[in-house]
Amino acid sequence: AKTRSGFATAIAENWYDNLTVAGNTSLNPFFYGTYLGVTKPNEPVTRNKNQAFQADAVGAMKQLVPEHFKTPHTFRVEWQPGRGGRLDW
């Protein structure tokens, strides 16, 4: 769970049911979204207290190996939203 302060109150693995990673990949516990509060005067984008929100994020880290640096690679993210949805890298 997260609080309006933007700080996690639980580890990332507990935020979503059945969250898994594979293929020498791990969850990134250091990025989980941030609280976007009221902006200060003179900022180029404004947000009042009714527009403030907690942004959510799931981050993963892939271990790079020497083969990743020998030839160009194309990476892709596929998102399937909704109940039972998923992200594939």
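The questions and answers below go from the whole chain to single residues.

Reader: On what basis are the residues numbered and the values computed?

Author: This is a predicted model, in which local features need pLDDT of at least 70, side-chain atom pairs count only at pLDDT 80 or more, and totals for chains, interfaces and linings use all residues. Residues are numbered from 1 along each chain as its sequence is written, and side-chain values use heavy atoms, with hydrogens and water left out.

Reader: Which pattern does the protein chain follow along the sequence?

Author: Helices (H or I, at least four residues) and strands (E, at least two) are DSSP runs, numbered from the N terminus. By that assignment the protein chain has 0 helices and 6 strands. Along the sequence, the pattern is therefore β-β-β-β-β-β.

Reader: What percentage of the residues in the protein chain is buried?

Author: Buried means under 20% relative accessible area, exposed over 50%, and partly exposed in between (1.4 Å probe, protein chains only). Of the 89 residues in the protein chain, the buried share is 15%.

Reader: Which residues form a nonpolar patch on the surface?

Author: Patches are made of residues with over 30% relative accessible area and no salt bridge; like charges are joined within 9 Å, and nonpolar side chains (Val, Leu, Ile, Met, Phe, Trp, Tyr) within 5 Å. One member, Val77, is in the loop between strand 4 (60–62) and strand 5 (78–80), and is exposed because its relative accessible area is 52%. With about 530 Å² of accessible area together, the patch residues are Val77, Trp79, Leu87 and Trp89.

Reader: Which side chains meet in a salt bridge?

Author: A salt bridge is a side-chain nitrogen of Lys or Arg within 4 Å of a carboxyl oxygen of Asp or Glu, and the count by this rule is 1. With an N to O distance of 2.5 Å, the two are Arg76 and Glu78.

Reader: Is Thr39 buried or exposed?

Author: Thr39 lies in the loop between strand 2 (35–36) and strand 3 (53–54). Leaving aside neighbours within four places in sequence, Thr39 is in contact (heavy atoms within 4.5 Å) with Val45, Thr46 and Arg47. A polar atom of the Thr39 side chain also lies 2.9 Å from the backbone nitrogen of Arg47. Because its relative accessible area is 14%, Thr39 is buried.

Reader: What is the phi of Asn42?

Author: Asn42 is in the loop between strand 2 and strand 3. Asn42 is exposed, with a relative accessible area of 82%. Although Asn42 is not a glycine, its phi is positive, at about 75 degrees.

Reader: What distance separates the C-alpha atoms of Asn28 and Ala60?

Author: Asn28 is placed in the loop between strand 1 (25–27) and strand 2. Not counting residues up to four places away in sequence, Asn28 touches Gly59, Ala60 and Met61. Asn28 and Ala60 are 32 residues apart along the chain, and their C-alpha atoms are separated by 4.8 Å.

Reader: Which residue has its backbone oxygen 2.8 Å from a polar atom of the side chain of His73?

Author: His73 is in the loop between strand 4 and strand 5 and counts as partly exposed, at 39% relative accessibility. Not counting residues up to four places away in sequence, His73 touches Glu67 and His68. The backbone oxygen at 2.8 Å from the His73 side chain belongs to Thr71.

Technical notes. Accessible areas come from the Shrake-Rupley method with a 1.4 Å probe; for residues, only the protein chains shown count as cover. A polar contact is a pair of N or O atoms within 3.5 Å; within protein, one must be able to donate a hydrogen and the other to accept it, and residues adjacent in sequence count only if both atoms are side-chain atoms.
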